[in-house]
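Look at the sequence and the structure below before reading on. The text then takes you through a few parts of the chain.

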Amino acid sequence: GSGAAAPNVIGIQRGTKYPDTYVVCGSHFDSFSYEAMYGGGTCPGADDNATGVASVLESARIMTQYEFEYSIVYCAYGCEEMGLYGSEAYASRCQQEGMDIIGYFNNDMNGYLNPGDQIHIDCIYPNAVEPIGTYYMNVGEVYFPELPIRHVNFNEGDSDHTSFNNHGYMGIYPFEDYQNHSPYIHTPNDIIGTSVTSFEMSQQFCQMNIGCLAEIATVIDNDPTAINDLASHNAQVYPNPVEGQLTVKAEGLQSITLYNMMGQKVATIEANSDESQISMEAYPTGIYNIQIVTNKGVVTSKVV
């Protein structure tokens, strides 16, 4: 509206090898209640969205004790409740500046567990960004094999991941439950004990956020002396994202090795010329590291 703006709070952990490639996590820090809007009530916002802010802060506290090849951005947005204004402003600026963001992970409401329910995650995202959603579920299978995670293509509610999707970035929204979420949000009863009922669930949401950030921000590089710059090899990898044939071009191309995000070798293709194709339809949807060996050395690239 026309009132004073609530500024975004952005922290950047610079990557050691590729500081201009980013993975982003975020939450909104504003809260809202109709009582406060119309007559002096409070809007404590414990579940919506102190739980999300706590997840981002704890992720940053832990992740910044380590180094990663890609940069990691930690965001807290203002004015989500009024129409995603904070995240829209940031995602729009990222697009205008040409920021290379390979994934966005939203943190919004992870503390209310419906009585009698098992801890679980409803992962909300449109089908258009399925690769990053599949990646999230793959990480869950590795670190929390007993934790149910289901995809929900849900458009009736919204959060800050939509701002990133609208500006060409892949963003997802892990959520407490799209059908049985806290009934106390946007009221003075959005408090601990009433609206936040499971710290264990909040912890697992946070651990999943950390796992996804750490995996995606780590580049597989089997040769620490390799030159990791596509341009220096006159190399190209396209299209990206890819649905069918992936083309790899490089001067003196010798071989291509494909790794999944768990670091497992998927395939090695020996090259007979400076151009080679890989049929990606044969592999599960997700994010892969491509290791390209040329007569100049080794270069790596991420492919969705």
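The paragraphs that follow cover a helix, the salt bridges and a cavity.

This is a predicted model, in which local features need pLDDT of at least 70 and side-chain atom pairs count only at pLDDT 80 or more, while totals for chains, interfaces and linings use all residues. Residues are numbered from 1 along each chain as its sequence is written, and side-chain values use heavy atoms, with hydrogens and water left out.

Begin with helix H4, residues 130-143. Helices (H or I, at least four residues) and strands (E, at least two) are DSSP runs, numbered from the N terminus. H4 has 14 residues and reaches 20 Å from its first C-alpha to its last, close to the 20 Å expected at 1.5 Å a residue; the expected span is 1.5 Å times one less than the number of residues. Several residues of H4 are buried, among them Ile-132, Tyr-136 and Val-139. Buried means under 20% relative accessible area, exposed over 50%, and partly exposed in between, with a 1.4 Å probe and protein chains only. The buried residues of H4 pack against partners that include strand E5 (121-124), strand E6 (149-152) and helix H6 (199-216), where contact means heavy atoms within 4.5 Å.

Side chains of opposite charge can pair when their charged atoms come close. A salt bridge here is a side-chain nitrogen of Lys or Arg within 4 Å of a carboxyl oxygen of Asp or Glu, and the whole structure has four of them. In one, the closest N and O atoms of Arg-150 and Asp-122 are 2.6 Å apart. Arg-150 lies in E6 and Asp-122 in E5, so this pair ties together parts that are 28 residues apart in sequence. Asp-122 is buried, at 0% relative accessible area, whereas Arg-150 is partly exposed, at 37%. Another salt bridge joins Arg-93 and Glu-97, at 3.8 Å from N to O. Here Arg-93 is partly exposed, at 43%, and Glu-97 is exposed, at 54%.

What does a search for cavities of 30 Å³ or more find? It finds one. On a 1 Å grid over the protein atoms alone, a cavity is a set of points where a 1.4 Å probe fits but cannot get out, and lining residues have an atom within 4 Å of a point. The largest cavity holds about 70 Å³ of space. Its lining includes Tyr-136, Phe-205 and Met-208, and H6 gives the largest share, three residues.

Terms used
On a 1 Å grid over the protein atoms alone, a cavity is a set of points where a 1.4 Å probe fits but cannot get out, and a pocket is an open set with protein on both sides within 12 Å along at least five of seven lines; lining residues have an atom within 4 Å of a point. Grid points are joined across faces, edges and corners, and a volume is the space filled by probe spheres set on the points.
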